[in-house]
Amino acid sequence: MDLSTLNTLLAPPDILNCKKILCIQPHPDDNEIGMGGIISSYADKGCEIHYLTVTNGDLGSLDENLSHEEIAAIRTKELEQAGRFLGASSFHSLNYGDGTLENIPRLAGEIAEIIRSVKPEAIFCPDPWLMYEAHYDHIVTGKAAAHAFMSSSLPRYPKGTLTQPWQPIAIGFYFTANPNLVVDTTDAYDKKFRAIDLHRSQFNEETLAMYRVYFKEKGRQLAEGKDFEIGEGLKVLAPVHLHCFVDAIHI
């Protein structure tokens with residue numbers, strides 16, 4: 001192995017020109033909040049965007065008069081409206097109850113089947129190793145997506161599969177404290193928040209105003225020293241980085 005090969009091994013994959021992506025979210029609003037600007041920027045370049053939502057969000061309401069089934073129906077409608085507004089065209093759901101995720105290997109197998117069906121160049125999900133992340137749905141979804149990403153190229157995985165192997169080139173973790181890629185989302189910033197606003201069951205005006213201030217300031221911090229004003233960050237890794245690779249934290 002020469003030095004150029006080693007440098008390639010220690011670099012994140014190039015994902016900016018993907019033609020098809022799969023955005024995996026634990027709940028019906030996470031894609032918009034975590035990477036809404038990035039999704040919009042992909043759509044502007046003609047990328048085919050798929051959403052995979054793991055839970056139905058049926059705990060996500062403060063209205064005591066709504067049943068779990070009614071909440072889930074509202075949130076399904078909202079997620080498709082918001083996703084289509086940003087440019088997503090296909091929607092997949094595993095329909096787990098909100099707050100019920102616990103079996104990472106089983107969920108990984110289900111996600112792998114979606115990956116093998118969709119055949120995306122890259123997948124995205126929340127960073128399950130975010131320090132102080134307390135929502136187990138995020139932790140389980142992120143770890144299951146990472147395992148599925150690493151294993152979806154195996155012909156016999158998951159057991160009993162009838163789908164053909166497929167290996168995306170990269171996984172991008174959003175909601176991450178360790179980004180190695182900052183995407184210019186300056187022009188998409190307002191569109192991201194119009195999409196978030198379509199989740200009317202989740203956010204009042206006060207919360208949206210707080211998020212606007214926070215994400216704009218965070219976006220400016222991420223863009224510091226670059227030739228754009230606002231960015232969104234991802235931790236982008238290749239399959240080789242996700243198993244017994246002690247330098248993954250430094251990539």
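This is a predicted model: local features need pLDDT of at least 70, side-chain atom pairs count only at pLDDT 80 or more; totals for chains, interfaces and linings use all residues.
Residues are numbered from 1 along each chain as its sequence is written, and side-chain values use heavy atoms, with hydrogens and water left out.

**The core**

Let's start inside. The largest nonpolar core has 29 residues, and I24, L107, I111 and I171 have the most contacts within it. Here a nonpolar core is a set of buried Ala, Val, Leu, Ile, Met, Phe, Trp, Tyr and Cys residues joined through side-chain atoms within 4.5 Å. Two or more residues come from each of β1 (20–25), β2 (48–55), β3 (90–96), α4 (104–118), β4 (122–126), α5 (136–151) and β5 (170–174). Helix α4 is the top contributor, giving seven residues. Helices (H or I, at least four residues) and strands (E, at least two) are DSSP runs, numbered from the N terminus. As a general point, nonpolar side chains tend to be buried together in soluble globular proteins.

**Salt bridges**

Searching the whole structure turns up seven salt bridges. The term means a side-chain nitrogen of Lys or Arg within 4 Å of a carboxyl oxygen of Asp or Glu.

| Pair | N to O distance | Relative accessibility |
|---|---|---|
| E80 and R84 | 3.8 Å | E80 30%, R84 47% |
| D190 and R212 | 3.6 Å | D190 43%, R212 33% |
| R220 and E229 | 3.4 Å | R220 39%, E229 41% |

How far apart in the chain are E80 and R84? They sit four residues apart, about one turn of the helix, both in α3 (residues 68–86). The D190 salt bridge with R212 is another story: this pair links distant parts of the chain, with D190 in helix α6 (residues 189–197) and R212 in helix α7 (residues 205–222), 22 residues apart. There is also a network of salt bridges, which links D197, R200 and E205.

Among the members, D44 belongs to helix α2 (residues 30–44), and D44 counts as exposed because its relative accessibility is 62%.

Which peptide bond is cis? The one from Y157 to P158, with omega near -15°. P158 is in the loop between α5 and β5.

Two residues other than glycine have a positive phi worth a look. For N95, phi is near 60°; N95 lies in strand β3 and is exposed, with a relative accessible area of 51%. For Y132, phi is near 75°. Y132 is in the loop between β4 and α5, and at 77% relative accessibility Y132 counts as exposed too.

Technical notes:
Buried means under 20% relative accessible area, exposed over 50%, partly exposed in between (1.4 Å probe, protein chains only).
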